[in-house]
Structures are given as structure tokens and as C-alpha cells.
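The chain and its atoms come next.

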Amino acid sequence: MTDALADRGRYQRHLRNFRYLVDGTSTGVAALVVLVALVATVVLVVTLPLLPKVARLVRALATTERRRTGRYLGFPIPNPPPSAGRSPRELLTDPGLRRDVVWLSLHAVVGTMAGAVAISSPLGAVQNVIIAMIWPLVPNLVSTINTPVTSWPQAGLTLLIAAGYAAIGPLVVPPLAHWYLHVNASRLAPPKTSLVQRLADVMATRAAVVDANDRELQRIERDLHDGTQNRLVAVVMHLGMAERALRRDPASALPLMLTAQNAAVDALAELRGVVRGIYPPVLADRGLADAVAGLANHSTLPCRVDIGPLPRLPGPVAAAAYFALAEALTNTAKHSGARQVTVRLFVEGDWLVLQVDDDGHGGADEEQGSGLVGIRRRVSALDGTMDLHSPPGGPTVLRVCIPTGE
Ligand SMILES: Nc1ncnc2c1ncn2[C@@H]1O[C@H](COP(=O)(O)OP(=O)(O)O)[C@@H](O)[C@H]1O
Ligand SMILES: [Mg+2]
């Protein structure tokens, strides 16, 4: 019984290794095609404007392979944030894309070949068995390794060759799959130095998140205590006075009741403000796309909005993007001197990307205030990134990428 179970486990592992290599053939061939397209685009020069499109193909293929390899490894391989560069020159120097291209070259050659080796085992076995059976019907037959099959002894030899092919599978495929899984993963994963850096970042942001949560709780407590609670105390007080006035002189109770009503309305407004600061109700009611369009419409500067199709996003991701845009639009109105702002919001791979461009005089500096630092803290707590490009003289580009958490 246990032997049968062990056999089944071994068989399933073998099948899994085999599938990893065989499925890798299709992505390997795709990698070869994309690699040829990439080289042609760069070498032909006139085709360079097509580079962003080809770069997107490279990234899409690498993303697919990261998901696939992550499934076999048992843990996900993170995708690098989408490249901020748009021009061919920026793209050619983008480290993320360069890394993807190194992987592409490896997978196009080694991935395809490893897959071919895995496929050749069952294919060679079946082919040789068929040859050994049909030799009397077909003249001048040869086996897959070119030995003639024109007699029964030669047919017997062909069956042995078939057995050899069948043996290659269990002998060669597992170590080959194990080796290639790790080589492939190491090319697809972020480089080691960036992992060390990332660990340091994670430790720093973890401390920042704990700190920010603590401060946020204190702020909410203070807002509730100083604002809402005070107003409610006033409501209770005025209602008490109105009650006493009603007993003495009902006519004098009316102004007190109106004051109590006003205090209740104020308390409600305060409470709404506190709730809005925690999670904007517009996000819950209408979703991020509408909330972003609403923010842009209320911007004091003319604002162009380009929102791509968005999947359902986790609350903290949508809230971080919303607060980042609110701060970015306030900054453009307050500091930039811009005449036009463009807001882009889209999903690329596993990332939600928010980009705010303004044509103002630039010079944004996160060390000079708390808003931009706040955005960085908030998005890095979600493993996101913030890039600010704002040379003196402008223009300013703020780009926030947050994992969609799919
Ligand atoms: N879009 C922008 N254009 C020009 N300067 C900017 C822009 N955004 C921010 N800044 C500059 O960067 C500084 C830091 O911004 P921020 O961290 O949001 O702080 P705050 O808005 O509270 O001053 C601002 O004081 C401003 O001088
Ligand atoms: Mg600001």
C-alpha cells in the first residue's frame, strides 16, 4: 500500500517535471520569436519607434513565465515594476528590461532545448516501437538513431533502442527539470543585491507602517475626541437645557432645540470627515476609476484623465492610489505653476500604475514637505514604488506603482 503510494508520488513528480520542461518549450519558442523581433527592431534603427511595443511583449512573456515557474517553485516570483521609460533610449537603459532580455535569450535557447529533450524521450520510444512493428511493410526502414531495420534481429535491436529512449525520461528529465527550474527562476527573480536592498526596505517600511498606524489611530482618537465628542456633548447639554425650559416656559425651549440640532448636524459633518480620512466613501460607493475621475474634475487646473480598464482592487491599494492622486493634484495646484495636468491610471501586469504629469516649473523635492514622503510611505507599505522626476524648469512626473495583489 505504502509502496503503491510512493510509486504514485514518484510518478506524479515525474509527470510534473516533464510538464515543466514541455510547457517551457512553448514559452521558449515564443521567447525566440520575441527575441528575433527585439533584435530586428533595434538593428534596423528605423523600427526603433516600435521598441516600446516589443518591450511590452518581452515583459508580458516574462510575467507569464514568472507565474508558471512560481507555481512549480511553490512561491511567487515578483514582477519588477513596469518600466517608467517611454522613449527607446530610456527603454534600452532600463535595468528591469535588460534583465528580462537576458532571461529571454536564455529561455529561447536553453528552455526550448530542455523541452525538446523531455519530449524526445516518449516520442523516440513510441517511434522506435512503431518502426520495429512495421518494418516488413516498409522497405529500407531505419531507427531514430539510423540503424537499419530490415530483419527481425534488427527489429529487436530497435525495440532495445525504444527501451533506451523510455529510460532517458525517468533518468534525465528529473535532474534536467530541477536544474532548469532553478536556472530559470534565478534569471526571472530580482538580482541578489536588490533582494538585500529589498530586505532592508521591508524592515524599514515595516517599522514605518507600525509607526504610521499608531499615529493614524492617535489622529482618529483625537479627531473623535476633540471634534465629534465635543459636539455631541453640546447636543446633550442643549437638549438638557431645552428639557428644563420646556417645563418652565415652552416658548423659550425652541432656540435651545435649534442650537442642539445645529450641534448634531456639526457632529455628523465631523464624523463624516473622520470616516473620509480613513477610507474615502466614494471609493467604496463608486470604485477607484470614478473616484479618480471625480478628483481630476475638481482639480483647479485643467486636467486630462486617461483611465484604463481596472480589475477589482483590494481596498488599501485603491485607497493608496486615491490619496496619492489627491496629494499630487494639490501639489500641482499649489506649487507647480502648471497650465495642464495629465492623470493616467492603468494596470500593467500585476501593477496598478498612477502617473501624474504637469507642465509646470518642476523642482519638486520630497525633503521639503510631508505630502510626497507620505505617498512614498503609504505605497511602500504595500510593496509599491514611487518615482518622482521633477528637474528645475519642469516638467514634473510622479509615478506610483502598487502591486494589485492578484
Ligand atoms: N508638482 C510640483 N511642481 C513643483 N514643485 C512641487 C510639486 N510638488 C511638490 N513640489 C515641491 O516639493 C515640495 C514638497 O512637496 P510635499 O511633500 O507635497 O509638501 P507640501 O505640499 O506639504 O509642501 C513642495 O513644498 C514644493 O516646493
Ligand atoms: Mg503637498
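The report below covers the ligand shell and then the cavity.

This is a predicted model, in which local features need pLDDT of at least 70, side-chain atom pairs count only at pLDDT 80 or more, and totals for chains, interfaces and linings use all residues. Residues are numbered from 1 along each chain as written, chains are lettered from A and ligands numbered from 1 in written order, and side-chain values use heavy atoms, without hydrogens and water.

Around ligand 1 there are 15 residues (a heavy atom within 4 Å), and Glu327, Asn331, His335, Asp358 and Leu372 are the closest. By class, the shell holds two nonpolar, nine polar (Gly included) and four charged (Asp, Glu, Lys and Arg) residues.

The table gives polar contacts, meaning pairs of N or O atoms within 3.5 Å.

| Residue | Its polar atom | Distance to an oxygen atom of ligand 1 |
|---|---|---|
| His335 | side chain | 2.9 Å |
| Asp365 | backbone | 3.1 Å |
| Leu372 | backbone | 2.9 Å |

On its own, ligand 1 has 530 Å² of accessible area (Shrake-Rupley, 1.4 Å probe), and the protein covers 83% of that. Two helices (DSSP H or I runs of at least four residues), α9 (315-336) and α10 (371-380), each give two or more residues to the shell; α9 gives the most, with five.

Now for the cavity. Searching the whole structure on a 1 Å grid for space where a 1.4 Å probe fits but cannot get out finds one cavity of 30 Å³ or more. Domain 1 (2-188) and domain 3 (282-403) each supply at least three of the lining residues.

Terms used:
Polar contact = N/O pair within 3.5 Å; in protein donor to acceptor, adjacent residues only side chain to side chain. 1 Å grid on protein atoms, 1.4 Å probe; cavity = no way out; pocket = protein on both sides within 12 Å on 5 of 7 lines; lining within 4 Å. Points joined across faces, edges and corners; volume = space filled by probe spheres on them. Domains from an automatic or database assignment.
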